Amino acid sequence: MCKGTDIGETDPTTKGCENEICPQGLQYYADSLQGRTPSGPCPPCLLDLGLVRQLPDGAFAAIPPRLAAGGRMDRLEQAIEEKRKALAAVRTSIARAQEVYLDSYHRGDTHAVRTVHGAGTINATISAAVRSCQEELLTAQPDGARPQAVLDAALPNDLAALHRGVRQRTVYQHTVRSHPPTLAYVEQISRAGGEIRTLDEVFDRLIVCDRRIAFVPDPGARRSELALAIEHPGVVRYLVGIFDHAWQRAAPLRDVSGGRLPAALTDDIRRTILRHMVNGHTDEAIAARVGMSTRSVSHHMRWAADLFGSRSRAQLAYLIARSGFLDDEPPTGA
């Protein structure tokens, strides 16, 4: 069967089969020119292209191609010209909007670093950036497991980006390996071609689209209420370098079926917890850093206290530091 083009799908001059002649149409046209009785009805593509015209008596007459082409091609060229004008108008409008966008930076904002206020605006801005990604999407997600609603909201945009051919790399914390909703999300992303790795501790939330714009939280404000959109090429390259360093140290998350942390990663998390304890952090602060509950941190502390035979937190920190338990940390395995 014949088929049309993509130009002006809603234009009545470019619907159906009118832009391409089908094999049946070629045979019908040849039979008509050579005086043979064509078999079957006249294919619509011949009428659409003007190669055949129906006479008052109901018969069909073959028209020379050059005569048929004139009006048809004129209409197509007109449609193309209209599309070109529309494209030029969009480009002009976007350029004018870009000028307004740059002029709207607050006095306290550095050029190419914009503050984005409000959870709704932050989410909408990041979603728009992800939808516009064409080559690469990098994300670092700390704080352990993400809520089911957040994962459900992110999945359609992430899958759409992967289907466009965007390379997606994400770093989570090891603790997500025992979180079923995150594992279900990871399974779909991995099946679509995304790459997921985990670390004992992720530096902070980071999203980078096509190495052109990056989103980071403002450490001095609530994460859900204020974000920084960074478009300065040098700063974006710096952030990508931080991500790549973490990516090299992270462990690939290939098997998402077990729901339990491998022993090596459990040891990795435990070492991280004890290192923070030795450095004087509270259980609450450690829990926030490694993405787990305070109760789980306390469980690891009790394990260490039993192992080293300590009776107080200060004594435990002293014994761990003296033992060299944290000195030779093995590299994270796959």
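Predicted model: local features only at pLDDT ≥ 70, side-chain atom pairs only at ≥ 80, totals over all residues.
The chain holds 334 residues, and 40% of them are buried. Its secondary structure comprises 11 helices and 10 strands. Among contacts with a separation of 6 or more, 65% join residues 24 or more positions apart. The accessible surface of the chain is about 19400 Å². Carbon and sulfur atoms account for 54% of that surface.

Eight strands form an open sheet with mixed pairing. The strand order is β3-β9-β8-β7-β4-β5-β6-β10. Strands β3 (113–117) and β10 (251–252) stand at the edges. Each has a single partner strand, so one side of each lacks a neighbour in the sheet.

Strands β4 and β5 are parallel and share five bridges. In this pair, Leu138 stands opposite Arg169 of β5. Strands β5 and β6 are also joined in the parallel sense, over five bridges. Here Thr170 stands opposite Ile196 of β6.

In β5, six of the seven residues are buried, which leaves the strand mostly covered. Strand β6 is mostly covered as well, with four of its five residues buried.

Thr139 gives a local view of the sheet. The residue belongs to strand β4. Its relative accessible area is 9%; because buried means under 20%, Thr139 counts as buried. Leaving aside residues up to four places away in sequence, Thr139 touches Arg169, Thr170, Val171, Leu206, Ile207 and Phe243.

The loop between β7 and β8 contains Asp210. Arg211 sits in the loop between β7 and β8 too. Phi of Asp210 is near 55°, a positive value in a residue other than glycine. Arg211, likewise not a glycine, has a positive phi of about 55°. The two residues differ in cover. Asp210 has a relative accessible area of 16% and is buried. Arg211 reaches 43% and is partly exposed.

Beyond residues up to four places away in sequence, its contacts are Ala145, Arg146, Leu151 and Val176. Thr182 and Asp152 are 30 residues apart in sequence. Their C-alpha atoms are 9.8 Å apart in space.

The largest pocket has a volume of about 760 Å³. Its lining comprises 32 residues, and the closest to its centre are Asn123, Ile126, Arg146, Val150 and Arg205. Arg146 is also one of the residues touched by Thr182. Several elements contribute to the lining. At least two residues each come from α4, β4, α5 (148–163), β5 (167–173) and β8. Helix α4 gives the most, with six residues. Strands β4 and β5, both contributors to the lining, pair with each other in the parallel sense.

Key
Residues numbered from 1 in each chain as written. Heavy atoms only, no water. Buried < 20%, exposed > 50% of the residue type's maximum accessible area, 1.4 Å probe, protein only. Contact = heavy atoms within 4.5 Å. Areas by Shrake-Rupley, 256 points an atom, 1.4 Å probe, with all protein chains shown as cover. Pairing = 2+ DSSP bridges. 1 Å grid on protein atoms, 1.4 Å probe; cavity = no way out; pocket = protein on both sides within 12 Å on 5 of 7 lines; lining within 4 Å. Points joined across faces, edges and corners; volume = space filled by probe spheres on them.
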